[in-house]
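Visitor: Hi, could you walk me through this one? I'd like to take it piece by piece.

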Amino acid sequence: MKKTMVIKRFFAYSEVNNKYFNTHFVNGINIVYGKNTSGKSTLLQSLLYTFGINDESTKLKDVLDEKVIFRIDFDLISDSKENISIVRDDELIIIKRDNIPIKKFI
């Protein structure tokens, strides 16, 4: 069964520095562009880190030193569409799925 993930929103917040980054993705192709050192790679590394894929925190050391909480909202589409949210706070990953109790992983 083929499944498609459509990212809708990415949010990062640092209460320590009262800073945040929030972006919404549109259906279709999204292009991330900018000058060198503008944050393109940091955005991609942060997305992977939020999913728990990239736990090599050295690549995000400067960001993680600010005690950032990450959240990604996406749709998982197969025969039906399911809304899923993942929150990453340091070593804690919280997954919220439609009609399923919240799961926490450490």
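Visitor: How do β1 and β2 pair, and over how many bridges?
Guide: β1 and β2 run antiparallel to each other and pair over six bridges, where two strands pair if DSSP finds at least two bridges between them, and where strands (E, at least two residues) and helices (H or I, at least four) are DSSP runs numbered from the N terminus. Residues are numbered from 1 along each chain as its sequence is written. This is a predicted model, in which local features need pLDDT of at least 70 and side-chain atom pairs count only at pLDDT 80 or more, while totals for chains, interfaces and linings use all residues, and side-chain values use heavy atoms, with hydrogens and water left out.

Visitor: What sits between β1 and β2?
Guide: The two strands form a hairpin with four residues between them, and N18 in that turn has a positive phi of about 50°.

Visitor: And which residue in β2 is the bridge partner of F10?
Guide: That partner is T23.

Visitor: Switching to rings: how many aromatic pairs are there?
Guide: The count comes to six aromatic pairs, taking rings of Phe, Tyr and Trp (its six-membered ring) as paired if their centres lie within 6.5 Å, with planes under 30 degrees apart called stacked, over 60 edge-to-face and the rest tilted. F10 and F70 form a stacked pair, at 6.1 Å centre to centre and with 25° between the planes.

Visitor: Why does the pair of F10 and F70 tie together separate parts?
Guide: Because F10 lies in strand β1 and F70 in strand β3, the pair ties together parts that are 60 residues apart in sequence.

Visitor: Is F10 buried or exposed?
Guide: F10 is buried, with a relative accessible area of 2%, where buried means under 20%, exposed over 50% and partly exposed in between, using a 1.4 Å probe and protein chains only. F70 is buried too, at 1%.

Visitor: How are the rings of F51 and F74 placed?
Guide: Their centres are 5.5 Å apart and their planes are at 55°, so the pair is tilted. The pair links distant parts of the chain, with F51 in helix α1 and F74 in strand β3, 23 residues apart. F51 is partly exposed, at 24% relative accessible area, whereas F74 counts as buried, at 5%.

Visitor: Which residues do ring pairs link into a cluster?
Guide: The cluster is made of F10, F21, Y49 and F70.

Visitor: What lies over the face of Y49?
Guide: R88 does, at 3.9 Å from the ring centre; a charge sits over a ring if NZ of Lys or CZ of Arg is within 6 Å of the ring centre and within 35 degrees of the ring normal.
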